Amino acid sequence: MSEQGTAAPAVPGTVAATVSSDGQAAVLRAVHLTKAFGGLVAVKEVDFEVKAGSITSLIGPNGAGKTTLFNVVAGLSEPTDGHIEFLGRRVVARPERAWLEPILWILPAALVWLLAYLVGTANPPVNVIEILVLLGLGLLIATLITAVIRPGWYNRLLVRLGIFKSARPNDMVQAGIGRTFQNIRLFANMTAIENVLVGMHGQLKSSPLDAVLRTPKQKREELDSVAEARRLLRYVGLRREDELARNLPYGDQRRLEIARALATRPKLLLLDEPTAGMNPAETDQMMKLFSRIRRELSLPILLIEHDMRVVMGISDTITVLDHGEKISEGTPAEVRADARVIEAYLGKGAI
Ligand SMILES: Nc1ncnc2c1ncn2[C@@H]1O[C@H](COP(=O)(O)OP(=O)(O)O)[C@@H](O)[C@H]1O
Ligand SMILES: [Mg+2]
């Protein structure tokens, strides 16, 4: 992988954030987060945060709850208790008063139909009733379409009414969370560049009508997307852009997942064991890539990683989980010296 001469892709730089307990900006914050699967509590009352521009690592033995925590952060599963704040907004938590929303969809039409009924009892000309019934139907269709499109004012109305819906994975991608998976999940029968273009999809401005009419705006955006996808592939050190994803060597598939995550223009990157199965030389290249991403793109990273050389080498902060609970947190030096971490995870011979 070439380390020089590759321009940084246009990922947004410093991001808005809330101020954390120690005065530094926090991009992501988990507050008293709990996730239970039936009787098994996979994550238990965990508090932690990712500061702007930092690399934060999650470590712990297999089954400690790291991937479960990631999935909650990414909107893939709802927490049992506690919540996630991203860029100062509570985005993931148990839904509140969600039952009110369907009532909201029906209410305008129901009121108009009630009016039709009342008018009907007063012997009006028949077409007045017909008009009111059709108006009610129109309102019902309009409300349902609004609920699907979810414009800003609709979301604000839900907040005002105390209705809270936990963010879904697509909401979190739109909000600025890009991720890779512990088990690689690429589109196997698409080429490398097509995989990256899929990641860009949420950023495109052209409407379906632009695409059908092939407007100049749509053509320009398509060319720009392909150029940006190429730049991202070079940035992560992948040269075989027209190769099918399934034919790429394992290390390149991992790199391609990172390029696809960067294509969503994230404000936080979640990486679940990105160096798993790599040899030491490939691992070194990945470490350099993570440092570059943080330095050049000002992109904070939340990393799950087993390779202690990687974790200790590049993390600003390390959070240690064991049986779903946070047992330690601090700089690499602090965590390495923590007796509980040595006992639960690192082992006596590891330091
Ligand atoms: N969907 C699920 N249903 C039931 N149990 C699960 C599920 N996902 C994870 N678990 C359990 O939760 C615990 C934590 O798993 P996981 O988050 O994958 O740990 P880690 O990533 O730290 O190895 C494990 O005991 C695992 O078996
Ligand atoms: Mg895991």
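Helices α6 and α9 run roughly parallel to each other. In this predicted model, α6 covers residues 192-200 and α9 covers residues 250-263. Their axes lie 7 Å apart and meet at an angle of about 30°. The crossing of α6 past α9 is right-handed.

Now look at the side of α6 that faces its partner. A192, N195, V196, V198, G199 and M200 make the contact from α6. From α9 come L256, A259, R260, A261 and A263. By type, the residues of this contact divide into 8 nonpolar, 2 polar and 1 charged. An α-helix has 3.6 residues a turn, so residues three or four places apart point the same way. N195 and G199 of α6 are both in the contact list.

Just after α4 comes G162, with a positive phi of about 75°.

Step back to the whole chain. It holds 13 helices and 11 strands. Of its 351 residues, 34% count as buried. Take the contacts between residues at least 6 apart in sequence: 70% of them join residues at least 24 apart.

How far can the model be trusted? The mean pLDDT of the chain is 85, and 90% of the residues reach 70 or more. Residues 1-17 stay under 50 in pLDDT. The model has 37 contacts beyond four places in sequence for that stretch. Where pLDDT is low, the predicted coordinates should not be read in detail.

Key:
Residues are numbered from 1 along each chain as its sequence is written. Chains are lettered from A and ligands numbered from 1 in the order in which they are written. This is a predicted model: local features need pLDDT of at least 70, side-chain atom pairs count only at pLDDT 80 or more; totals for chains, interfaces and linings use all residues. Helices (H or I, at least four residues) and strands (E, at least two) are DSSP runs, numbered from the N terminus. pLDDT is the predictor's confidence in each residue, from 0 to 100. Two residues are in contact if their C-beta atoms, placed from the backbone, lie within 7 Å. Axes are lines fitted to C-alpha atoms, for helices over the stretch in contact, and angles run from 0 to 180 degrees between N-to-C directions. Angles under 35 degrees count as roughly parallel, over 145 as roughly antiparallel, 65 to 115 as roughly perpendicular and the rest as oblique. A crossing is left-handed if the near helix is turned anticlockwise from the far one by less than a right angle, and right-handed if clockwise. Ala, Val, Leu, Ile, Met, Phe, Trp, Tyr, Cys and Pro count as nonpolar, Asp, Glu, Lys and Arg as charged, and the others, Gly among them, as polar. A residue is buried if 20 or more other C-beta atoms lie within 10 Å of its own, exposed if 12 or fewer, and partly exposed in between; C-beta atoms are placed from the backbone.
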